[in-house]
Structure formats: C-alpha cells, structure tokens
Amino acid sequence: MNQTLINRRTLGITFTTEGACVRVWSPLAQSVGIHLCKQDVTIPLQNDGNYWQALLSQVKPGDTYKFVLNGSFERPDPASLAQPDGVHGPSLAVDIGTFVWTDADWGNLPLEDYLLYELHTGTFTPEGTFAGIEDRLDYLVDLGINAIEIMPVAQFPGTRNWGYDGVCPFAVQNSYGGIAGLQQLVDTCHRKGIAVVLDVVYNHMGPEGNYFADYGPYFTTRYQTPWGNALNFDDDYSDSVRRYFIENVLMWFRDLHIDALRIDAAHAIHDTRETHVLREIKQYVDELIRQTGRPYYLIVETDQNETKFIASLAAKGYGMDAQWNDEFHHALRVTAGGERSGYYADYNGIQHLAKSYKDAYVYDGTYMPRRARIVGKSTAGHAGHQFVVFSQNHDQIGNRMLGERPSQLVSLEMQKLMAGAVMSSPYLPMLFMGEEWGEQNPFLYFVSHSDPALIEAVRQGRKREFAAFQGPAEAPDAQDEQTFEQSKLNWDRLTTEPHRTLFRYYQTLLSLRKQSSLRHPDRESVAVVVDELRQTLTLLRRHTQPDKSVETVVCLMNFSKEPQVLTLPSSERDWHNLLDSADPHWRGPQSAPDVVASCESVTVQAESILIYTNK
C-alpha cells in the first residue's frame with residue numbers, strides 16, 4: 001500500500017510550501033510540458049520513467065494551464081480540479097487545502113441509521129447549484145432526512161446533464177459551484193446533521209471532452225461496455241489507471257469530507273487481476289479510516305445479485321458496505337400495478353416482493369427468464385443495512401420515455417402504500433427528490449453537448465430505444481433546454497393539496513422509522529405472510545429492547561382495490577396503531593381502530609398500509 005496516497009493527492013497540481021508539484025501520467029509520450037495560459041509560457045516536465053513531473057514556483061492558485069503532449073497538441077489536465085471554461089478549456093490550479101472546515105465534531109452516522117434522499121443538483125432547486133441545495137437543507141431536516149445522495153458532479157459538457165457523461169473525475173462541475181461550492185455544502189450539511197453521499201462513475205468516461213486516450217492506455221479493448229471500451233484495470237499499464245481512481249476515491253473522503261460514495265454500475269468495472277480494483281479501493285479506504293478515526297462508506301450499484309461485492313475482505317469479497325437493490329423496486333412496482341414488460345417481466349408481483357423482504361434478492365441462485373440463466377447468490381449472513389431500497393430513483397423514472405414519476409402513474413393511496421412499504425423494510429430506505437410531495441413534473445433524460453454529430457447520435461439512440469412504444473408521443477429531445485427545465489422540481493406544489501398532506505405523511509413515516517423498531521434494519525427478525533389472491537402482505541419485525549423486552553411491529557399491506565380483513569398476530573399485549581395511510585388525516589377513506597386485541601381482525605382499506613406495535 002502506498003502511504004503517500006492516503007495523505008495527499010499526487011496527480012495534477014498540488015501546492016506545498018516548496019511550490020507547485022506538477023505530475024501527470026503519459027507513459028508513451030516523447031515529451032510533456034505545462035502551458036501556463038496567463039503567462040503564455042510552456043515549461044517542460046521531467047520523466048521519472050512513468051510520470052512526467054516538476055516542482056515549479058511559477059504556478060499559483062488561480063492560474064489556468066494545459067498540458068502539451070509531444071510538442072504538438074494541448075489537453076486539459078486529466079486530474080484537473082476545476083474546468084472554468086468547460087471540458088475543452090484550460091484547467092485551473094486550485095489549492096484544495098485553503099477551505100476552512102467547521103465540521104471537526106462530525107463523525108459520520110452509523111450506516112444503519114441512514115435515511116437517504118437522492119437528488120440532482122441542477123434540477124433540485126431553481127438555482128441548480130450547490131448553494132441552492134444548501135438553502136434547502138433546513139427543509140430536508142424538517143422532512144426527517146439525515147443523508148443526501150448527490151448524483152455525479154464530475155465536470156461534464158455544458159450545463160445540463162445527469163452527470164454520467166463526466167470526463168474530469170477530479171473536477172467539480174463549474175456551473176454547480178465548483179469544488180469550493182461542494183466543500184461549503186458538505187460543511188453545512190454536517191453542521192445540520194446530514195451525511196453526504198456522492199455518486200461517482202468508475203466504469204466509463206463520457207463521450208465529449210474525453211481526452212484520456214491522448215495521455216495513455218486508460219482504456220482496454222479486452223472488454224466492451226455499453227459506453228465503449230472499458231477502463232483499463234487489468235491490462236498492460238493498468239497499475240497507474242488503478243492508482244488514478246484510488247486517488248479519486250481518497251480525495252472525496254479526505255479533502256472534501258464526503259461521507260460515502262455510491263459507485264455507479266459496478267458490474268461494468270471489468271478486472272480479472274488477483275485483487276479486484278474495488279477490493280483495493282476498500283483496502284485504501286480502511287487505512288484512511290484507521291488514520292482519521294472517521295468512518296467512510298462505499299455503496300455500489302450492481303444488477304448481478306453477486307454478494308462478492310458486499311462480502312467482507314476477510315470473506316474474500318470486495319468489501320463494499322452496501323448496494324442498491326433494484327429487485328425490491330421492481331417487485332414493488334409490479335405489485336403496485338406497474339407494467340410487466342422489459343425487465344419487469346421477470347417479477348410476478350407480491351410473491352417476489354415478499355421474497356425480497358426476506359432475502360433482499362429475488363433471484364438468488366434461481367433461473368431468470370429474461371437472462372435465460374441462473375442468476376444471483378444467497379444473501380445469508382448479510383445484514384439489512386447492506387441493501388438500499390426505494391420505490392423510485394433517477395434511473396427508474398428517467399429511463400422511461402416520458403420520465404413519469406409514480407405520482408403520475410398511481411393513485412395517492414398507492415403512493416402512500418409504496419412509501420410505507422419502503423420505510424417498513426429491514427433495509428436502508430431512499431427517497432428520490434420530490435417524491436415526498438408527489439411531484440408531477442417528470443424527470444427526463446437531458447444533455448447539453450456541443451458536438452452536432454454526438455447530439456444527433458443521442459437523439460437517434462433515444463428514438464431506437466423507444467421504437468416499440470405505442471402511442472402518439474415521441475421521446476423528448478434530450479438536447480433541448482426545455483427538457484431540462486421540465487425536469488426541475490416545482491416547490492410551489494408544497495403549498496397545495498394533496499401535496500402538502502403527502503409531505504406530512506412522509507414526515508410521519510420518517511419519524512416512525514427513527515423512533516420505533518423499524519429503525520433497526522435486521523433481516524433476521526422479519527417474517528412475511530402473503531395472500532396472492534387478495535393481494536395482501538403482512539410483515540412482522542421484532543426487536544429486542546435494551547430492557548430485554550421484545551417489541552413486535554406488524555405492517556399490514558393491501559395492494560388490492562378493495563378493503564381486506566386481516567388478523568393481527570397473537571401477542572401478550574394489545575396492538576397499538578402507529579400509522580394508518582387510509583386515515584382521513586392523510587386524505588384517506590376511513591381510519592382503523594387505535595387499539596386492537598391479540599388475534600383480532602382489522603379492515604385494511606384498499607391500497608393502504610396499517611402499522612401496529614405491541615409495545
């Protein structure tokens with residue numbers, strides 16, 4: 001393990017008391033220089049056999065520069081911290097250590113206590129900036145959120161993008177507020193008790209402004225991904241590519257005080273070396289944790305149902321702390337009456353939802369028809385907090401042709417039921433921005449490329465993707481600024497009904513999650529009873545209190561369109577009503593009894609959830 005990487009960045013420009021350290025990897029170049037734009041001078045760098053470097057007194061914070069390769073063409077720094085003029089312009093020298101932090105008392109939250117809220121910086125607020133998010137933090141605290149998950153912020157082309165087209169992994173999007181704006185946001189979040197999760201992309205680079213191949217073999221032809229050649233984690237020259245991304249991970253944690261990373265599509269990170277790059281990243285993060293005394297978490301997105309991602313290092317896994325569990329979402333959406341085409345075709349509804357409550361994965365070593373093969377591994381031995389669940393996220397909304405949210409597809413009653421189904425799960429719950437008030441604006445796919453050929457390729461690709469869609473509608477033009485504007489949240493809806501009531505309902509759910517036995521994401525305590533004919537599901541969760549007494553929480557869910565009578569389990573104590581989504585207080589049709597005796601029956605209204613406790 002390289003201890004230098006734990007302590008500081010070594011790539012790009014870093015500032016020390018002795019001057020500016022300049023370092024760039026370009027192993028096949030014959031010469032590399034740094035062109036200082038303001039001074040209009042080019043200074044040659046020295047080659048140590050692998051990296052080109054120099055210690056310079058001429059470079060100051062705020063200077064713009066490019067690297068000159070082989071004396072013939074200039075490129076932005078691949079480890080640039082700032083791109084003030086976009087992905088094609090010069091890089092900006094930044095002294096990342098000048099920010100004055102006030103979060104010394106912040107120690108991160110236990111992962112099992114995270115209540116996540118996914119947001120996109122550009123569409124979360126009218127301003128579309130980190131400062132705009134900062135202005136809404138009190139709102140999120142009032143809602144009950146304690147962790148925000150920010151979609152990728154690495155510099156991308158233009159000002160409109162989901163973030164997955166980033167081409168400068170170390171540079172923070174200039175139109176959002178840059179690296180200083182993100183530092184300020186994180187510092188304020190910690191002051192208000194909010195953890196910050198950052199979405200990062202280590203499986204591909206975006207198509208515009210991607211100059212990595214000019215520097216060296218950052219990519220390999222061994223594997224193809226949906227975005228082209230894979231990043232080179234196991235081919236010739238891969239040591240320095242791995243180091244590049246390890247440095248990136250450590251920078252977010254050490255220098256920007258990020259609390260957790262969500263690693264996009266980890267299954268598309270191809271690596272056959274003895275130590276997978278994710279495992280090596282975890283080893284470095286563990287060393288950073290040891291040295292700082294502050295926990296940091298790694299969360300992956302993967303659709304392979306392979307527990308090797310979240311198995312511990314000791315168990316020869318990659319050591320990731322948690323993963324997104326799309327299968328819970330798919331089963332829930334089908335149960336709620338959603339379509340059964342595409343990847344939803346593999347999910348039968350309430351039976352699979354019941355399985356996901358117990359086992360996290362629906363396919364855990366069983367045959368998946370769409371893939372025509374056995375998929376997944378058993379999750380036995382993996383804690384509930386290793387799985388993040390949701391009723392919606394950016395992908396499941398934005399990858400629909402018209403970007404419809406569940407609030408546009410199901411009734412208010414079903415929205416409340418789906419929210420209750422997520423919050424009562426033995427996993428980490430996550431909301432998507434605006435869900436809590438039933439936002440009606442779509443979340444569409446949008447870009448702002450400058451290359452006409454690429455713009456047209458995106459348009460044609462979207463048309464092909466949705467060619468089978470039957471109806472008069474066409475896929476919105478991702479390049480059109482109006483597509484982006486339509487995706488912004490409408491905060492004014494919070495003052496109108498039924499949105500205001502739905503917001504209060506979510507507040508109550510989140511409070512309940514914090515204060516009752518629902519707080520403890522313990523899969524081993526879960527029992528599930530399902531009635532497919534009546535479309536009901538009974539979820540029992542037990543937790544041993546500090547005084548050794550056992551609290552049982554029972555969640556009665558009715559996904560049908562008719563009221564259903566369900567019997568509460570046997571208990572030495574009466575059952576007390578914690579939440580009734582059908583209560584008129586939540587604009588529902590009828591309330592259930594506040595107290596019910598052991599083994600007595602209650603009527604669960606159509607598309608509703610009832611939660612009782614025997615505490």
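The following questions and answers concern a predicted model.

Me: At what angle do helix 5 and helix 7 pack?
Reply: Helix 5 covers residues 178–191 and helix 7 covers residues 238–256, and their axes are 11 Å apart. The two helices are oblique to each other. Their packing angle is about 60 degrees.

Me: Which residues of helix 7 make the contact with helix 5?
Reply: By class, this contact has five nonpolar, one polar and one charged residues. Helix 5 contributes Ile179, Leu182, Gln183 and Val186. From helix 7 come Trp252, Asp255 and Leu256.

Me: How many of the residues of helix 9 are buried?
Reply: Helix 9 spans residues 326–335. Its buried residues include Asp326, Glu327 and Arg333, along with Phe328 and Leu332.

Me: Which helices are included in what covers the buried residues of helix 9?
Reply: The cover includes three strands as well as helices: strand 19 (322–324), strand 20 (366–368) and strand 22 (387–389). The helices included are helix 10 (350–359), helix 11 (394–398) and helix 12 (412–423).

Me: Which residue just after helix 9 takes a positive phi?
Reply: Most residues other than glycine have a negative phi. The residue just after helix 9 is a glycine, and its phi is about 100 degrees. That residue is Gly337.

Me: Is Ser424 buried or exposed?
Reply: Ser424 lies in the loop between helix 12 and strand 23 (428–432). Residues that Ser424 touches include Tyr357, Arg513, Cys555 and Ile609. Its relative accessibility is 0%, and a residue under 20% counts as buried, so Ser424 is buried.

Me: Which backbone oxygen does the side chain of Ser424 reach?
Reply: The pair of atoms lies at 3.4 Å. A polar contact requires N or O atoms within 3.5 Å. The oxygen reached by the side chain of Ser424 belongs to the backbone of Ala421.

Me: Lys316 and Ala360 each have a positive phi; what is the relative accessible area of each?
Reply: Phi is near 65 degrees for Lys316 and about 70 degrees for Ala360. Lys316 is found in the loop between strand 18 (297–300) and strand 19, while Ala360 lies in the loop between helix 10 and strand 20. Lys316 is exposed, whereas Ala360 is buried. The relative accessible area is 74% for Lys316 and 0% for Ala360.

Me: What is the omega of the peptide bond from Glu497 to Pro498?
Reply: Most peptide bonds are trans. Pro498 is placed in the loop between helix 14 (481–486) and helix 15 (499–515). The bond from Glu497 to Pro498 is cis, with omega near 5 degrees.

Me: Which strands stand at the edges of the open sheet of four strands?
Reply: The order of this sheet is 1-2-6-5, with antiparallel pairing. Each edge strand has a single partner strand, so one side of each is left without a neighbour in the sheet. The edge strands are strand 1 (12–16) and strand 5 (46–47).

Me: Which residue of strand 2 is the bridge partner of Thr14?
Reply: Strands of a sheet pair through backbone hydrogen bonds. Strand 1 and strand 2 (residues 19–25) pair in the antiparallel sense over five bridges. In strand 2, the partner of Thr14 is Cys21.

Key. Residues are numbered from 1 along each chain as its sequence is written. This is a predicted model: local features need pLDDT of at least 70, side-chain atom pairs count only at pLDDT 80 or more; totals for chains, interfaces and linings use all residues. Side-chain values use heavy atoms; hydrogens and water are left out. Axes are lines fitted to C-alpha atoms, for helices over the stretch in contact, and angles run from 0 to 180 degrees between N-to-C directions. Angles under 35 degrees count as roughly parallel, over 145 as roughly antiparallel, 65 to 115 as roughly perpendicular and the rest as oblique. Contact means heavy atoms within 4.5 Å. Ala, Val, Leu, Ile, Met, Phe, Trp, Tyr, Cys and Pro count as nonpolar, Asp, Glu, Lys and Arg as charged, and the others, Gly among them, as polar. Buried means under 20% relative accessible area, exposed over 50%, partly exposed in between (1.4 Å probe, protein chains only). A polar contact is a pair of N or O atoms within 3.5 Å; within protein, one must be able to donate a hydrogen and the other to accept it, and residues adjacent in sequence count only if both atoms are side-chain atoms. Two strands pair if DSSP finds at least two bridges between them. Lists of a residue's contacts leave out its neighbours within four places in sequence.
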